[in-house]
Amino acid sequence: MSSTEQSEQQVAASQGKTKVILYWLEKSRAQRILWLLEELKIDYELKTYKRVNMVAPPELKKVHPLGKSPLVSVQAEGAAEPLVLAESGLITEYLIEHFGPSLAPDQYQKGKEGQVQGETEEWLRYRYFMHYAEGTLMPYLVVALLLRTVREKSPFFIKPIANAITGNIESMFLRPNLENNLNFLESQVKSAPDGGGYLCGSKLTGADILLSFPLSSAKGRAGLSEEKYPALFEYVNRMEAMEGNKKAIQKIIDIEGSYDPSL
């Protein structure tokens with residue numbers, strides 16, 4: 001029996017004994033964790049929250065001191081208290097390790113287990129993009145959102161000044177960095193190993209799910225277009241059309257009445 005098969009058997013044995021709760025905030029990165037839970041096909045409870053003046057409500061601080069979303073609590077059978085997980089990357093890695101190891105590539109090449117530089121290209125990409133999503137790409141999109149908000153919310157008598165300042169930041173800093181990242185991702189989609197299809201190879205991974213939010217946002221606020229980035233644009237559209245993603249969106253529609261991903 002392979003290590004993957006053993007892991008899958010352990011997952012099947014533990015799923016029914018663990019209580020998982022996702023604390024979901026509207027218009028936030030929590031949506032991709034909801035998609036991940038759908039892909040994992042495990043039972044979970046969903047608690048939804050509305051923003052107050054564009055920020056998370058104070059009730060979330062009862063779950064975690066920072067009061068941000070996503071948050072996931074995991075309580076194993078017999079545990080006195082739940083484990084509360086914050087940060088999308090940690091949540092994704094933890095849930096995949098315990099409930100869906102097939103969403104992570106094999107770490108080592110056959111015959112090179114435990115060796116330095118014995119890792120597979122798929123696994124190295126997976127670990128890289130798990131950090132890249134929040135560490136590199138997402139900050140630029142947050143800056144784009146803030147600049148747009150400054151332009152839209154500035155009083156009319158200072159709008160010319162606000163537009164001039166935000167325009168300079170966009171042209172000198174934001175746009176070159178976004179274009180550099182989108183060109184990089186276009187090349188990564190085209191060069192994915194094992195025939196490609198996803199960023200890390202021929203199979204969906206947690207890294208694809210983690211990148212789904214910033215890349216979908218990039219279509220609206222960062223210049224991700226089919227004309228300039230055809231491979232990346234097709235990849236993002238395919239992610240958005242995946243059954244697990246659609247189920248996650250429909251779950252929010254059923255609870256909240258609608259789904260709007262953007263601030």
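## Helix crossing and backbone features

The axes of helix α5 (residues 159-190) and helix α7 (residues 230-240) come within 8 Å and cross at roughly 75 degrees, which makes α5 roughly perpendicular to α7 (a term for angles of 65 to 115 degrees). This is a predicted model, in which local features need pLDDT of at least 70, side-chain atom pairs count only at pLDDT 80 or more, and totals for chains, interfaces and linings use all residues. Residues are numbered from 1 along each chain as its sequence is written, and side-chain values use heavy atoms, with hydrogens and water left out.

**Contact between α5 and α7**
- From α5, the residues L182, L185, E186, V189 and K190 meet P230, A231, L232 and Y235 of α7, where contact means heavy atoms within 4.5 Å.
- Sorted by class, the contact of α5 with α7 holds seven nonpolar, no polar and two charged residues, with Ala, Val, Leu, Ile, Met, Phe, Trp, Tyr, Cys and Pro counted as nonpolar, Asp, Glu, Lys and Arg as charged, and the others, Gly among them, as polar.

**Cis peptide bond**
- The S69 to P70 peptide bond is cis, with omega near 10 degrees, and P70 lies in the loop between β2 (45-49) and β3 (71-76).

How values were computed:
Helices (H or I, at least four residues) and strands (E, at least two) are DSSP runs, numbered from the N terminus. Axes are lines fitted to C-alpha atoms, for helices over the stretch in contact, and angles run from 0 to 180 degrees between N-to-C directions. Angles under 35 degrees count as roughly parallel, over 145 as roughly antiparallel, 65 to 115 as roughly perpendicular and the rest as oblique.
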